[in-house]
Amino acid sequence: TRAYDPHSDYMSPIEAKNFDIGSTELQFSGIGATLRSEEGRTRIVNLIAGGPAKRGNDLKVNESIIAVQNPGDKEPTNIIDMRLNKVVQLIRGKKGSPVKLTVIPAGTTDEADARIITIVRDVVKLADQYAKAYIIERKVKDKTEKLGILNLPGFYSKSSDHCRILLERLSKEKVDGIVLDLRMNGGG
């Protein structure tokens, strides 16, 4: 595809789903945790606000997941040394379905310290990627100027609708000008 268009590329079904989640939908069904693979272990880096893992308060940042068990599985699947995208596939699932995670506390690698927690999957929204607007005021000579800042970190399926609503709000606030901040926006 790149021979015809340098901006086109083939994505595997998994890559396409991840692209949709991160770039167009800004939501997925899962536990709401950011994961990282470190030395063969899957470590929890962040718990997404409003996600089931954060609401349940059983999972903690820096803990490691060593096994995943989905409904219908007879035994937990050992995920030590498993590729991260495969681990993510095991943990994501249908809204309302439970997933059992075998977790080791932060600071230890001893599997004897492991505990099993159950999290019911839910829709997780990536709200930090939505368009946002705020107003700053600054003095220019003897006058105070109100500037509306519209920050769009990335394009997504409803970004134009959200931006329109924010622009209408800024207009009602009678701002003197608007700055569209696309610094963190990779395009699309």
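Mentor: First a term: a salt bridge is a side-chain nitrogen of Lys or Arg within 4 Å of a carboxyl oxygen of Asp or Glu. Keep in mind that this is a predicted model, where local features need pLDDT of at least 70, side-chain atom pairs count only at pLDDT 80 or more, and totals for chains, interfaces and linings use all residues. Residues are numbered from 1 along each chain as its sequence is written, and side-chain values use heavy atoms, with hydrogens and water left out.

Trainee: Thanks! Which side chain does glutamate 63 meet in a salt bridge?
Mentor: Arginine 115, at 3.0 Å from N to O. The pair links distant parts of the chain, 52 residues apart: glutamate 63 is in the loop between α2 (52-56) and β4, and arginine 115 is in strand β7 (residues 115-120). Those labels are DSSP runs numbered from the N terminus, with helices being H or I of at least four residues and strands E of at least two.

Trainee: And is glutamate 63 buried or exposed?
Mentor: Glutamate 63 counts as buried because its relative accessibility is 5%. Buried means under 20% relative accessible area, exposed over 50%, and partly exposed in between, using a 1.4 Å probe and protein chains only. Arginine 115, at 28%, counts as partly exposed.

Trainee: What are the N to O distances for glutamate 38?
Mentor: With arginine 36, the closest N and O atoms are 3.7 Å apart. With arginine 43, the closest pair is 2.9 Å apart.

Trainee: Why does arginine 43 count as buried?
Mentor: Arginine 43 counts as buried because its relative accessibility is 14%. Glutamate 38 is partly exposed at 32%, and arginine 36 is partly exposed at 39%.

Trainee: Okay, strands now. In which sense do β2 and β3 pair?
Mentor: Antiparallel, with strand β2 (residues 33-38) and β3 joined over six bridges. Two strands count as paired if DSSP finds at least two bridges between them. Leucine 35 stands opposite isoleucine 44 in β3.

Trainee: What about the hairpin there?
Mentor: The hairpin of β2 and β3 has two residues between the strands, and glutamate 39 takes a positive phi near 50 degrees.

Trainee: How many bridges join β3 to β4?
Mentor: Two, and β3 runs antiparallel to strand β4 (residues 64-69). Arginine 43 stands opposite serine 64 in β4. As for cover, five of the seven residues of strand β3 (residues 41-47) are buried.

Trainee: Which strand pairs with β9?
Mentor: Strand β10 (residues 143-151) pairs with β9 in the antiparallel sense, over nine bridges. Leucine 147 in β10 is the bridge partner of isoleucine 136. In the hairpin of β9 and β10, with two residues between the strands, lysine 141 has a positive phi near 55 degrees.

Trainee: Switching to pockets: how much space lies in the largest pocket?
Mentor: About 290 Å³. On a 1 Å grid over the protein atoms alone, a pocket is an open set of points with protein on both sides within 12 Å along at least five of seven lines, and lining residues have an atom within 4 Å of a point. Grid points are joined across faces, edges and corners, and the volume is the space filled by probe spheres set on the points.

Trainee: Which residues lie nearest its centre?
Mentor: Ala33, Thr34, Leu35, Val88 and Arg92, out of 14 lining residues. The largest share of the lining, four residues, comes from α3. β1 (27-30), β2 and α3 (84-91) each supply at least two residues.

Trainee: Last one: which residues make the nonpolar surface patch?
Mentor: Phe155, Leu180 and Leu182 make a patch of about 260 Å². Patch residues have over 30% relative accessible area and no salt bridge; like charges are joined within 9 Å, and nonpolar side chains (Val, Leu, Ile, Met, Phe, Trp, Tyr) within 5 Å. The areas come from the Shrake-Rupley method with a 1.4 Å probe, and for residues only the protein chains shown count as cover. Leucine 182 is in the segment after β11 (177-181), and at 36% relative accessibility leucine 182 counts as partly exposed.

How values were computed:
1 Å grid on protein atoms, 1.4 Å probe; cavity = no way out; pocket = protein on both sides within 12 Å on 5 of 7 lines; lining within 4 Å.
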